[in-house]
Amino acid sequence: MKWEGNRESDNVEDRRDDGGGGGGFLGGGLGGRHIGIGSIVIALVASYFFGISPMTVLSLLSGGGAPVTQTQQAPAHAPPADDRMAKFVSTVLADTEDVWTDIFSKAGGTYTDPKLVLFRGATPTACGQGESAMGPFYCPVDRKVYIDLDFYQTLKNQLGAPGEFAQAYVIAHEVGHHVQNLLGISAKVEQMRSHASQAQSNALSVRLELQADCFAGVWVNHAQTSRQILENGDIESAMNAAAKIGDDALQKAATGHVVPETFTHGTSAQRTHWFNAGLQSGSVKDCDTFGARSL
């Protein structure tokens, strides 16, 4: 991936030297637990996309999402200038900012940048206590992406998904959750959760996660068109990462069998399909996982 020398984001908080604390956790990420995921009435969510142009969606819904609350924590600071991994993360985040700012602007909306928090072990969030074991996650309440950079070693060594572009996909997926938050999708789904069974909530969670994968693909499409960030093997690296963190792949690796009704993120095939859908079209309207009859 061609990233060195590109703009770095100022929206990175380094808490790796801070202590953690807090209570329970609700959030959304690559493989962790989720903030609420709605009801069986998929049409209520699909209406944001089905038959409506992405420009209309963005202009109507940008700026929505959950209210921000405060948490007690040490003062945030930027990562060290000589920290290569932090520099990489900051550069990828900056690229997502450029892409989504442009997409929202062309739709007549305004994109609000998320913060990205680097931490080790555990850290307080507005969604409760965040822990490394959850993997990277997004908290819609404080509009922050959280990542323990040790996850990238897990991604490479334990999950078999090496490569910088696989790491970039992880960030883009979490930023995809931020886009859902700004569009009001996350809040609409959460609003209906009290009426859903566990199986129904899981099914909607899958659609929410696959849409975030699709939004990650949209980012790649626009970043490549504008800045030619891709090198040979990058797309394959991201596709491999998406496949390695499919629910079926993770369950089979952990237990030797799969239980489809417990899936919350989608199968390997579904995750690669929706990432590729966004990649090929570069259009938000083609990320309508809620309106799709088949995933």
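Reader: What is the N to O distance in the salt bridge between the side chains of Glu13 and Lys144?

Author: This is a predicted model, and the distance is computed from its atoms. A salt bridge requires a side-chain nitrogen of Lys or Arg within 4 Å of a carboxyl oxygen of Asp or Glu. The side chains of Glu13 and Lys144 meet that condition, with an N to O distance of 3.2 Å.

Reader: How many residues apart in sequence are the parts that the pair Glu13 and Lys144 ties together?

Author: Glu13 belongs to strand E1, while Lys144 belongs to strand E7, residues 144-147. Both Glu13 and Lys144 are buried. Because one partner is in E1 and the other in E7, the pair ties together parts whose separation in sequence is 131 residues.

Reader: Is Arg15, which forms a salt bridge with Glu13, buried or exposed?

Author: The closest N and O atoms of Glu13 and Arg15 are 3.5 Å apart. Glu13 has 10% relative accessibility and counts as buried. The relative accessible area of Arg15 is 3%, and the cut-off for buried is under 20%, so Arg15 is buried.

Reader: Which residue meets Asp98 in a salt bridge, and where in the chain are the two partners?

Author: Asp98 is in helix H3, residues 84-106, and its partner is in the segment before strand E1 (12-14). The pair links distant parts of the chain, 91 residues apart. The N to O distance is 2.9 Å, and the partner is Arg7.

Reader: How do Asp98 and Arg7 count by relative accessibility: buried, partly exposed or exposed?

Author: Asp98 has 32% relative accessibility, and Arg7 has 41%. Buried means under 20% and exposed over 50%. Because both values lie in between, Asp98 and Arg7 count as partly exposed.

Reader: How many salt bridges does the structure hold, and which residues are linked in a network?

Author: The structure holds 12 salt bridges. A network of salt bridges links Glu4, Arg84 and Glu164.

Reader: What is the angle between the ring planes of Phe165 and Trp219?

Author: The structure holds 9 aromatic pairs. In the pair of Phe165 and Trp219, the ring centres are 6.0 Å apart. Planes under 30 degrees apart count as stacked, so this pair is stacked, with its planes at 15 degrees.

Reader: Which helices hold Phe165 and Trp219?

Author: Each residue is buried: Phe165 at 1% relative accessibility, and Trp219 at 1%. The pair ties together parts 54 residues apart in sequence, because Phe165 lies in helix H5 (residues 164-183) and Trp219 in helix H7 (residues 198-227).

Reader: How many residues does the largest nonpolar core have?

Author: Trp219 and Phe165 are among the residues with the most contacts inside this core, as are Met1 and Trp100. Leaving aside neighbours within four places in sequence, the contacts of Trp219 include Met1, Trp100, Phe165 and Ile229. The largest core has 63 residues.

Reader: In E5, which residue is the bridge partner of Ala122?

Author: Strands E4 (residues 122-125) and E5 (residues 128-131) run antiparallel and are joined by 4 bridges. A hairpin through 2 residues joins E4 to E5. The partner of Ala122 in E5 is Glu131.

Terms used. Residues numbered from 1 in each chain as written. Predicted model: local features only at pLDDT ≥ 70, side-chain atom pairs only at ≥ 80, totals over all residues. Heavy atoms only, no water. Core = buried A, V, L, I, M, F, W, Y, C linked by side-chain atoms within 4.5 Å. Buried < 20%, exposed > 50% of the residue type's maximum accessible area, 1.4 Å probe, protein only. Contact = heavy atoms within 4.5 Å. Pairing = 2+ DSSP bridges. Phe/Tyr/Trp six-rings, centres within 6.5 Å; stacked < 30°, edge-to-face > 60°.
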